[in-house]
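Colleague: I am new to this structure. Could you take me through it?
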Amino acid sequence: MSLIDDFLARWREYRAPGYYEEFDYHWTMTVDLDRCTGCEACVTACQAENNTPIVGEEAIARGRHMQWMRIERYWEGEYPDVKLRAIPMFCQHCDAAPCETVCPVSATYHNQDGLNAQIYNRCIGTRSCAVYCPYEVRYFNYNNHHWDAPLEQQLNPDVSVREKGVMEKCTFCIQRIRQAKDAAKDDGRRRVQDGEVQPACVQTCPTEALVFGDRKDPESGVSQMLGNERAYTVLEELNTDPSVVYLKKVEADA
Amino acid sequence: MRRHEDIKFADVNNDIVRSLVETGPRYYVTLAIAVLITIACFFFPWFYQLYYGIGAAGMNHPTVWGTYLASFIFWIGLSHSGTLLSCVLHITNSEWRKAMYRSAEAMTLFSLMVAAMMVMVHVGRPWFIHWALPYPNQMELWPNFRSPLMFDVMAITTYLTGSSIFIYMGSIPDFAAVRDRTTGWRHHMYVLLSLGWRGTDTEWHRLGWAYTFLAVLIIPLAVSVHSIVSWDFAMSIVPSLHQTIFAPYFVVGAIYSGTAGIVTVMFVLRKYMNFEHYITKVHFDNLGKLLLALSLIWTYINVVEVFTGWYSNDSAELESLRYKLFGFYAPLYWEMILFCAVAPLLLISKRFRTSFVPMLILSIAINIGMYTERFLIVGTSLSRQYLPDSWGVYVPSLVEISILVGSIAMFCTLFLIFVKIFPSVSIYEVKETLPAPDEGKTQWQEATH
Amino acid sequence: MARSNALGLFGGPKAALAAAGKLRGEGFESLDLISPIPLHGVEEVLGKKKSAIKRFTFFGAILGGLGGFTLAAGTAVLYLHPTGGRPIITFPPFLIITYEMTILLGILATVLGFLISARLPVFRERIYVPESAVDKFAVNVACDAEADFKRATEILREAGAEEVTEIAPGGGQ
Amino acid sequence: MPNVDRRHFLKLVGAGGVGAGAGFMLSESRKHPVEHLVPYPVPPEEFSPGIATWYNSVCSMCSAGCGISVRTREGRAKKIEGNPAHPVSQGRLCALGQSGLQALYNPDRIAGPLVRAGRRGELEFDPTTWEESLAELANQLELMRTAGRGGGVALLSGGVRGHLASLLELFMGWLGSDRLLHYDFNHPATLYAANERFFGESELPYYDIENSRYVLSFGADFIGHWLSPVHHGLGFGRSRQARDGIRGRFVQIEPRMSLTGAAADEWIAASPGTEGILALGIARRIVDQGGYQGEDLDAWQAALDAYAPESVAEQTGVAADTVARLADSFAETQPGLAIGGGATGNHSNGVDALVAVNALNHLVGNIGVEGGVIFNPPPAFGPTASRQASLARMLELAEDARAGRIELLIVSNANPVFNLPEAAGFAEALAEIPQIVSLSSFLDETTAQADLILPSNTYLESWGDDTPAPGVGFRVGAVSQPVVEPLYDTRATGDIVLELAHRMGLDLAFPWPNMEEYLKYSWREVWSSGTPDPAIPDFDTFWTSVVRAGVWGDDTRAPSGEFAPGANVVEGIGVAAPEFAGAEGEYPFALHPYLSNALHDGRGANLPWMQELPDALTGVVYGTWVEVNPVTAEQLGVQEGDVVAIESPAGSIEAPVLVYPAIMPGVVAMPIGQGHEQYGRYAHEHGVNPINVLAAQTEPDTGALAWAATRVRLVPTGGREDLVKVSGEARELGREIVQIAAVGAGAGAGGAANARLNSIPITVVNT
């Protein structure tokens, strides 16, 4: 009867929501909006790290910018009581990601690190993931991109350059996570320690508004940030369970 | 001009075989034009787009879907009346179906083919489109059956298979009839197509059963196909797309535009294939009634959509609605309302329903309106989503417009080829509506005179 | 002459049906009606026909349903790709695949059933009159002996056949 | 792979972490011997394929002097990050700093020496050799020097510090010329002057934002681009959320909301040029409320007598009770910090206004305390005499040129043709100079006028050193090392100067073969000035460790003594009403030009990343716009994208309107940085240069360009030019995307967040 038991055990496993009972890591980013100034150092850091193309004025005018992260700006009030609120927006690596289910060819899925992974090679360019993403953080290669020589010498060899017809997005700098994991393994450690890996945006943030780490480690910086009473997620009502947690901006008259 | 009841069995064979065999220069000119437009407006821009990337179209960051997908829904929708209506009428044993169902089914088939082409045009890397099929491979990966797009793949494959089989099954006796009257390559072709059909009582019996089963299977299939197409949108959480009403909305819209499409095709066949005595005012009258009913249901669902959107008082829903009704694309919205909700009210008049040219104009207007509807679903909803910072406007490019025109030409090309291979009016079913050589009038004739 | 067929051509379905009924009454078992349209009332004359098509359809659909779910669930299990926080085996989407596959295999099985039960396709020459695809109704009787053939010919002529031909077994006209 | 045997190859591949399948790769490589896995016949010592090497250096994209770590792979620079050991950047970096890579790999770099072929400005150049051009130039210089006409040589460089500045000083000294000028549009000359006057300090002080609880900023966009934005950003973040129960409050006073204004808790619009008056209004309130109890209270009361709340309110447009509230909270919340700069300092009353801001710090006792103004020691090295040129000095240079007193002008990484108002007539003056030599890496507007172009390396290919200004309260020196081989046939500025000196026969005065040797020589002095450390027994060890770390410092702050301004300083406090070029009736709007976050003063315009970086406040890319208040827009009958002519007494330009919600109605603002006529494919033909409509108005004390003191009028042209933006609607519509908490909620978040570790272990290797 072990066959049946085995079948039932597997059935239960495969019927469990989320499938992974336990992620190996649960990479999480927190964004303290009270620290964020919207200076966009992160945007350039991301562009440099991830080989995001330079698209040109015309493409941007047609709404085809490719930077994987952006600062959204929202004005509140009218002159003179006017405020500008900025919020960095990048892939939220949702645990219940709408984009993942819609891909017909499994080009996007959830990996063991709790990351929303995008397989460029597998993508056939239906763009439905971009439609399903409520955060609008998936960017499509409408054409092949070109780097005027010798700008291409800057390209990061750890990250591929994407061809036309492929969707791309923030990866939480998965190449850095990989390297940190390899380094940990080389050191004979089982796990990556807090602070050993930072995506390019987090690394560069001059106001230290971004914090990155493993949520499963209760001692990590992000775990402490998650306990903050200001923590919230954007578009929480959509129940996407993002891995990017924002800390509310503090305003004197709020 | 002969009256319907004067037609003899032999005349039917003669007329229809003539429509297949006798081809005038006008046909060749039309076919040549259609093929040329298909190549120039569809394939040439498409190849350019393959070379350049989807950027040849006007899609952009918030609006990643555009006219290609709108065309896809449109063609799928147009496919909906043919086989579905044919099945429903077959099961309910409607006599008036018999003269028109073949071409209606052909419309289904060809719009599905064009829709499949639109998928190829739509995706970023069509050269990998086969990855959406489960076939043995070395990539250690099969498609994702949780995806609404995979539902589409399955549904459209099934629907295309089902429709092809249905139209073919219904044509076997006719192929046999044509086989006997043709020579040369045509004869050989029809020998193969007719499968050696003789018309024995056993064959007729088996065909009758199989045909009915197919009809029973295809009705729920057709309903599911457009429901599934609607779920491509409704399964997302885009404001104004994430709606439970979308499946019936799409199905009704599909049948609506498909029925209008049948009217157009009927008009053309009647006029240019000399089928005046087979396709009559009765057909237009009945189709007109159907159109009227569908237009009212369609209008109702549209009103419900606006009402629920407004009643939700949700910022995202409201903005989406406002943008659709009064935004950049508002003229298109009101054009759609005019063509699909207001103009069809003319169908209340029997005189209108039985006038051929006004019906043609109305049917084309309805399909323009329905195309607009599909365009607005894609264009306005994606432009106004949750994060206002990511709002944008999408304007189709010349390549897209050209491909749309080309896809219509492609449909026409396929249809033109069809009318020379398939008897576009069913020989044996038309005969069923005629008095048998040793009988009086049929029931149907009595009812209509 | 061991065996031959008598084929009578009629101008209308009523006469043809009447002839067939009479032949049957005379004990001719091997009767075929060849007509340009499906004839109503054949069953009253020649008895009820049974066909296995519905079984094909039914089992095809069942097979399709099982196969559809197996395809979806099997793919999910073999190529583990967690998506959207859902379980590996998720019912709502897989039921849609099941539904489509049910119909697809139902349709294909129906076609198969039709071909098998109607014994099609056949590409060799068989007893056939092309007029029967236009406006003539033919009754084909297989006769074992010369006497039977004569009798059949007689009946056919009596029923109003416009023409009766003798057809050698296994051949055309 | 020639010259690589199997064992060596495997070692390389294994080191790269791609050991699997190496045997296959090896056999493949033998099959196709022409294909090289690594494009080097003999791999250099410093790197292994597949392993990143990090070099520490110094950022030269602006004058802040952040320490950087550059990641290189296979001899190519891949990424610039902040150097975690450097006290200014502490591992962080701004957008402009990161795009230094695109200066290095810019497709429009000048690849080798060029000599003018056509007429000046026609951009016709013939390639030449270093040998020939240097010999000729050295010859010419030597002739002038020996003939005593060395004074006819002028050297105009961008913001240069450290030993390169010393070298230029030495070189010009030997030539016998006093015309060594540094011109930097953003140089805070008035701030230096105000600090000199009030504090008696010649160095900029350290603004300890990190430990401050209340920052009152008058026009200083300290997070955007002012002085040391990365360091200020660190301070801002930590002041806000790094302390338990304490959250720093930021108030920004400026006519147009800057990035800092947007980040601040409160943004107050004061009429342009009246920020100093407002500061004195606040000062008077503090004194009136008994917040100041110094011995010279009477003098202060007398000095501030004219700044009664009502009159201040009338002049500044800030309500009297707001002034009182600001004064009270500033006096209450200690330690606090008042900062002045930007447009406040670059007005006709700039120095007075900044003195007034300094006075605020003094009145509440924030001088020399943590969280206040901390004085910096003199820089660790480099020349002490400031060669920074004000507008007045540049006008003088232009006058000299017109009078034929300048025979040869050497321009090094400065672009005065772009960065000086057209009204200054500098471009015309250049035409009078017989020979112009440019050492620029790019064909900018000034280089386009050159007769000889000796292209210099970018900073990522050069040796150099730097002392950040403002410092961080203690002595810091940083070494900048080449991280990649020079891409083209270019040479470092220092090497060019040394080579010229050698060819002029000045070997004895310039005994160093190259810049690296000169630095090593000079750093011996730094070494001997520090406290002896047994771990560093000799200079070579010291030098190696400094180059590895990228930075050297002495992180003890000198104890600050009591500070009191002199009686005459107190007496002289007072801010006059601002004076504008252009009458108010004719030119109704004050033009508020500001440095673009990404393009800085225009130097970033040739970097595609910076061109495509959405403007931090408007989201616009590639272009210049003119910001107007919604009310103003309505009055003018214009909306976004309508092109208007911006006409000042000095000129006229056209730009599309952008309706900006946070600008005073009487003010229009324009970003500086675009409008290049040259400077490569990414820079030219985008936008306009607002500097061109500025009147050559100076601040009287310093002669600095008062770039905020020009009035303009807007004339709709009827044209349309859609602004290229990445953002859609800039209103939240109640969707609660950016959520707001009350003060006190969840404060002190992220002690652990300050862990400043790099993701990848840094391997610092000396080249």
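Predicted model: local features only at pLDDT ≥ 70, side-chain atom pairs only at ≥ 80, totals over all residues.

Colleague: How many residues does the contact take from chain D and from chain A?
Modeller: Chain D supplies 74 residues and chain A supplies 75 residues; residues are in contact if their C-beta atoms, placed from the backbone, lie within 7 Å.

Colleague: Which element gives the most on the side of chain D?
Modeller: Helix α8(D) does, with seven residues. Helices (H or I, at least four residues) and strands (E, at least two) are DSSP runs, numbered from the N terminus.

Colleague: Which strand of chain A is joined to β26(D)?
Modeller: Strand β11 (residues 249-251) of chain A is joined to β26(D) by three bridges, and the two run parallel. Lys249(A) stands opposite Ile740(D) there.

Colleague: Now the sheet: in what order do its four strands come in chain D?
Modeller: The order is β11-β10-β9-β12 in an open, parallel sheet of chain D; strands pair if DSSP finds at least two bridges between them.

Colleague: Which helix lies across β9 and β12 of chain D, and at what angle to β12(D)?
Modeller: Helix α14 (residues 350-363) of chain D does, at about 175 degrees to β12(D). Axes are lines fitted to C-alpha atoms, for helices over the stretch in contact, and angles run from 0 to 180 degrees between N-to-C directions.

Methods
Residues numbered from 1 in each chain as written. Chains lettered and ligands numbered in written order. Contact = placed C-beta atoms within 7 Å.
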